[in-house]
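Notebook, one sitting. I list what I looked up, in the order I looked it up.

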Amino acid sequence: MKNANGNSRDGQRFSIVQGFFCAALLLAGLTAACGGGGGTVAPPPPTGMYSLSSLSGSYAFTMTGEDGSGDPIIRIGSFQADGAGNITAAIEDVNDSGTIDQFLFTPAPTSVYTMNGDGKGVLTLVHPDAVVAGTNDVFTFTITLTSTSGGLMIETDGSSTMSGTFTKQSITANFAPSYAFDTSGVDLNLGASESIVGAFTTNGTSAVTGGTLDDNDAATPSGPSPIGAGTLALDPTYGSQYGRGSFQINTTIGGQIFSLTFEFYVVDGNHLYFVEEDVSGKATAGTATAQSAVPTSVAQLNGNFVLAVGGGTFNQGLFGPLTRAAVVAPNGNGALTSAVLDQNFSNGPSVFPASGSSISAAAYTIDASGDGRGTLSFTDVKSGFQFVYVFYLATASQGYIQDDSGATTADGSLTAQTANLSSSSIAGNYAFNWSGINADSGNEEDFVGVFTIPSGGGAITNGVVDFVQLPIKNPHADQVLTGTFTLNGTGTGAGAAASTLQLVSPNADAPTANFHVYAISDTSFILVGTDTTRVVIGPLQLQQ
């Protein structure tokens with residue numbers, strides 16, 4: 001899919017740092033279509049440990065995707081649930097292809113939620129229409145709890161196609177001394193993807209005081225660029241209730257001065273969700289995580305790490321969707337002892353190093369300045385392709401990463417791998433979400449649901465999924481989900497050595513979805529699609 005500038009938008013909305021990645025009018029009569037199904041097999045009755053009371057308190061949310069025209073759209077905000085099915089207050093900020101809006105939602109009985117025992121429910125948010133007096137705009141989301149502290153969500157009212165996360169808030173006016181951050185989306189001026197990763201410092205209450213960032217705009221990496229002084233403050237009207245505020249990043253890239261303004265929602269003193277709302281012609285969203293004990297030498301980074309990114313890359317002048325996931329092993333001395341990577345580019349899955357190949361020039365660096373910045377790179381000997389990354393660590397075990405490999409704009413997460421799975425420990429109830437590009441439509445698809453993995457793996461049970469595949473499929477709710485999970489060893493492998501998951505939803509376009517499963521811990525995983533019918537990536541989380 002190309003925009004007016006001739007650049008494809010495919011792959012512009014892939015982000016693993018949960019949040020990543022809005023609002024549109026629910027058309028009259030669309031609700032009936034949103035329950036669309038047509039399947040002859042009903043999912044099992046939902047059972048589990050959750051209830052209406054499992055969703056109680058204030059939650060920040062962040063979502064990214066595409067609107068009904070296929071353009072990028074972002075929504076972030078906060079909703080307050082009373083534990084009895086009512087939304088007592090809610091707010092959101094929206095960036096729809098550079099058009100900025102803010103909405104206050106009408107509380108219950110208009111805005112409400114449901115919750116099944118398996119943690120899957122429906123969130124309905126309603127606000128007065130901004131144009132037609134006396135009418136309402138109604139937004140519907142499927143939500144899936146990973147715990148009572150938050151979960152995964154997709155929009156299912158048919159007006160937009162998007163995925164995101166929601167997290168319980170502990171609102172504070174005190175900010176961390178420094179944050180690592182990642183923001184990504186679309187540079188509307190160029191019609192191309194953009195990613196920014198970096199770290200900024202604060203005075204704790206009212207100002208950004210400095211920092212460093214790396215920008216990758218239209219597959220052109222900037223290298224490290226300084227962050228100057230900027231503002232940081234809670235909103236005097238909505239800050240105390242919702243955690244809403246704004247901050248400014250001032251920087252110079254390639255001799256050009258940029259003043260980037262973001263609206264944020266406090267998750268807690270260590271985490272922020274934010275969306276870009278300046279006049280620079282950008283539609284980006286991101287997250288920030290407080291820094292602590294950040295490595296300052298290569299000796300402080302060792303062991304296995306899971307790298308996962310989504311975005312796009314150019315090939316013969318076209319920008320196609322891209323996902324990459326890998327396990328890399330820094331040795332504490334500046335070298336990577338191993339690197340194995342899954343890639344799916346424009347529906348062409350592959351593994352590096354391929355059969356008969358190997359990895360060379362595998363190295364990493366850590367900046368001594370204490371800003372958490374580092375680089376890693378390795379080359380596939382057979383193809384000669386060099387994989388190049390820059391990252392900013394929040395701690396010695398997690399951070400944000402940007403893919404600066406040739407002709408690529410992508411970003412995501414870098415996380416220490418602590419998993420050590422067994423046939424018995426893999427058993428449990430799981431929530432999942434994937435988002436990416438459907439090959440048949442050329443547009444985004446979003447899936448969210450739950451299933452149970454039995455002891456030893458094998459056929460999943462209790463599977464239920466909701467999905468959106470506009471424009472070729474109306475939103476489908478409560479669809480039966482079957483499939484098989486296969487544990488490979490202790491679950492820590494990558495590429496051909498990775499564990500695998502196959503999920504089947506009969507009423508979906510391309511009903512069968514295959515994944516390599518990258519285990520971060522015994523409870524947290526990354527799903528990277530390995531099909532030619534879709535380029536997708538997303539989280540798999542043990543429910544707790």
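I began with leucine 503. Leaving out residues up to four places away in sequence, I found that leucine 503 touches Phe432, Trp434, Phe451, Ile460, Leu481, Thr482, Gly483, Pro511, Thr512, Ala513 and Phe515. Contact here is heavy atoms within 4.5 Å.

I note the ground rules before going on. The model is predicted, so local features need pLDDT of at least 70 and side-chain atom pairs count only at pLDDT 80 or more, while totals for chains, interfaces and linings use all residues. Residues are numbered from 1 along each chain as its sequence is written, and side-chain values use heavy atoms, with hydrogens and water left out.

**Core**

I then looked up the largest nonpolar core, which has 26 residues; Phe432, Phe451 and Leu503 touch the most other members. Such a core is a set of buried Ala, Val, Leu, Ile, Met, Phe, Trp, Tyr and Cys residues joined through side-chain atoms within 4.5 Å. Buried means under 20% relative accessible area, exposed over 50%, and partly exposed in between (1.4 Å probe, protein chains only). Strands S28 (428-438), S29 (444-453), S31 (461-469), S32 (473-486), S33 (499-504), S34 (512-519), S35 (524-529) and S36 (534-542) each supply at least two residues of this core. S34 gives the most, with 4 residues. In soluble globular proteins, nonpolar side chains tend to be buried together.

**Whole chain**

I counted 2 helices and 36 strands in the protein. These are DSSP runs numbered from the N terminus: helices are H or I with at least four residues, strands are E with at least two. The C-alpha trace spans about 60 × 55 × 45 Å along its principal axes. For 544 residues, a compact globule would have a radius of gyration near 24 Å, and the 22 Å of the protein agrees with that. The radius is taken over C-alpha atoms, and the globule rule is 2.2 Å times the number of residues to the power 0.38. Of the 544 residues, 60% are buried. I read an accessible surface of about 17800 Å², of which 53% belongs to carbon and sulfur atoms; the areas come from the Shrake-Rupley method with a 1.4 Å probe, and for residues only the protein chains shown count as cover.

**Sheet with S19 to S27**

I traced an open sheet of 9 strands with antiparallel pairing, in the order S22-S21-S20-S19-S27-S26-S25-S24-S23. Two strands pair if DSSP finds at least two bridges between them. S22 (348-352) and S23 (359-366) stand at the edges with a single partner strand each, so one side of each has no neighbour in the sheet. Neighbouring strands are turned by 15° against each other on average, direction ignored. The axes are lines fitted to C-alpha atoms, for helices over the stretch in contact, and angles run from 0 to 180 degrees between N-to-C directions.

How many bridges join S19 to S20? I get 11, with the two strands running antiparallel. Leucine 307 has alanine 326 in S20 as its bridge partner. The S19 and S20 hairpin has 2 residues between its strands, and glutamine 316 in the turn has a positive phi of about 55°.

S20 (residues 318-330) also pairs with S21 (residues 336-345), antiparallel over 8 bridges. Arginine 324 stands opposite glutamine 343 in S21, and threonine 323 has asparagine 344 as its partner there. That hairpin has 5 residues between the strands, and glycine 332 takes a positive phi near 80°. Since 12 of its 13 residues are buried, S20 is largely enclosed by the rest of the structure.

I checked threonine 313, which lies in S19 (residues 305-315). Threonine 313 is buried at 7% relative accessible area.

**Other entries**

I traced another open sheet of 9 strands, ordered S4-S3-S2-S1-S9-S8-S7-S6-S5, with antiparallel pairing. S4 (99-104) and S5 (112-113) stand at its edges with a single partner strand each. Within it, 9 bridges join S6 (residues 120-128) to S7 (residues 136-147), and histidine 127 has aspartate 137 in S7 as bridge partner.
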